Amino acid sequence: MKNHFITKSAAERYAKGRPYFHPVIIKRIKDFLSITEPLSSALDVGCGTGLSTIALKELAGNVIGVDNSAEMVALAEEVNEVRYIVTPDENLPFAENKFDIITLSQVFHWLDGAQRDRFLTEARRVLRPSGWLIAYNNCPTGQMAENADPPSWYEEYLKKYPMPPREKDVFTEKNANAYGFYLLEEEVYKHTIGFSLEGSIDFLITRSNIIEEAEEEIEDLRLWLRPRLESEFGNAKEQRFKFNATISYLQRAT
């Protein structure tokens, strides 16, 4: 499957426009798994510019983020006891039984069948017995918090720039068991994220349907989006947008 996020321009837009929603999800993970003491080590696969990796500090003392985009990793924030490695998601350069938990934030749907097979085999290898594999996603709906339906501009946006093909995020007990995991839970969670007008535009041009477009079209897209979003924002400095999150909790069989 094509990697939409390896270019320098994509990484720069990602670093500027992606919201830091990850602590909200990490809190839910912490509560679901009843983690009361810091774990020894955590791995964040497909870390991008490091937002999901830094959030893992809430769960573990030592955190590593890996990504196959050197441009993304180059823009990751440096934090104590967090380090980054450029490597494919399905080729993890670590010893067996190293990590207590592995997370994937908005990554699993980009792994095709062969990549998933290799990744899940690798994940089981580097996880400690009874360690956790958590895959989560955070999907914008285009709706503002007070509106019941997506605005017409969002439908136009998706028609103008359709989403590229991707795999399903959903795990089943059968496919989890096939790789030596138990499927503990598939959680669906709804929440909102606040954006300024410019912040909402910055976010929309980070999405994979836009990354596909030629760089010279980005400013044209900004001009197309701005009046449509201005009509939604009115005089408000910030509006909250609805997101649907899914969290898959897997545990390595002993």
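Two strands pair if DSSP finds at least two bridges between them, and helices (H or I, at least four residues) and strands (E, at least two) are DSSP runs numbered from the N terminus. With these terms in hand, one can say that Val66 stands opposite Ile85 in strand 3, and that strand 2 (residues 60-67) runs parallel to strand 3, to which five bridges join it. The model is predicted, so local features need pLDDT of at least 70 and side-chain atom pairs count only at pLDDT 80 or more, while totals for chains, interfaces and linings use all residues. Residues are numbered from 1 along each chain as its sequence is written, and side-chain values use heavy atoms, with hydrogens and water left out.

The sheet to which these strands belong is open and has seven strands in the order 3-2-1-4-5-7-6, with mixed pairing. Strand 3 (82-86) and strand 6 (181-195) stand at its edges with a single partner strand each, so one side of each has no neighbour in the sheet. From one strand to the next the twist averages 20°, where angles run from 0 to 180 degrees between N-to-C directions and axes are lines fitted to C-alpha atoms, for helices over the stretch in contact.

Glu81, in the loop between helix 4 (70-74) and strand 3, has a phi near 65°, a positive value in a residue other than glycine. Asn97, in the loop between strand 3 and strand 4, is not a glycine either, yet has a positive phi of about 60°.

Helices also lie against the sheet. Helix 5 (residues 113-126) lies across strand 1 (39-45), strand 4 (99-105), strand 5 (127-144), strand 6 and strand 7 (239-252), and runs at about 130° to strand 5. Helix 8 packs on the sheet as well, touching strand 5, strand 6 and strand 7, and its direction makes about 140° with that of strand 6; contact here means heavy atoms within 4.5 Å.

Helix 8 (residues 197-204) also meets helix 10 (residues 218-233), their axes coming within 10 Å and crossing at roughly 135°. That angle makes helix 8 oblique to helix 10, since angles under 35 degrees count as roughly parallel, over 145 as roughly antiparallel, 65 to 115 as roughly perpendicular and the rest as oblique. In this contact, Leu197, Glu198, Ser200, Ile201, Asp202 and Leu204 of helix 8 meet Arg222, Leu225, Arg226, Leu229, Glu230 and Phe233 of helix 10.

Helix 10 packs with helix 6 (residues 152-160) too, at an angle of about 160° and with the axes 10 Å apart. Helix 6 and helix 10 are therefore roughly antiparallel to each other. Trp153, Glu156, Tyr157 and Lys160 of helix 6 make this contact with Trp224, Leu225, Arg228, Leu229 and Glu232 of helix 10.

Finally, the structure holds twelve aromatic pairs, and one of them, Phe21 with Tyr136, is edge-to-face, at 6.4 Å centre to centre and 85° between the planes. Phe21 lies in the loop between helix 1 (8-17) and helix 2 (22-32) and Tyr136 in strand 5, so the pair ties together parts 115 residues apart in sequence. Rings of Phe, Tyr and Trp (its six-membered ring) pair if their centres lie within 6.5 Å, and planes under 30 degrees apart count as stacked, over 60 as edge-to-face and the rest as tilted.
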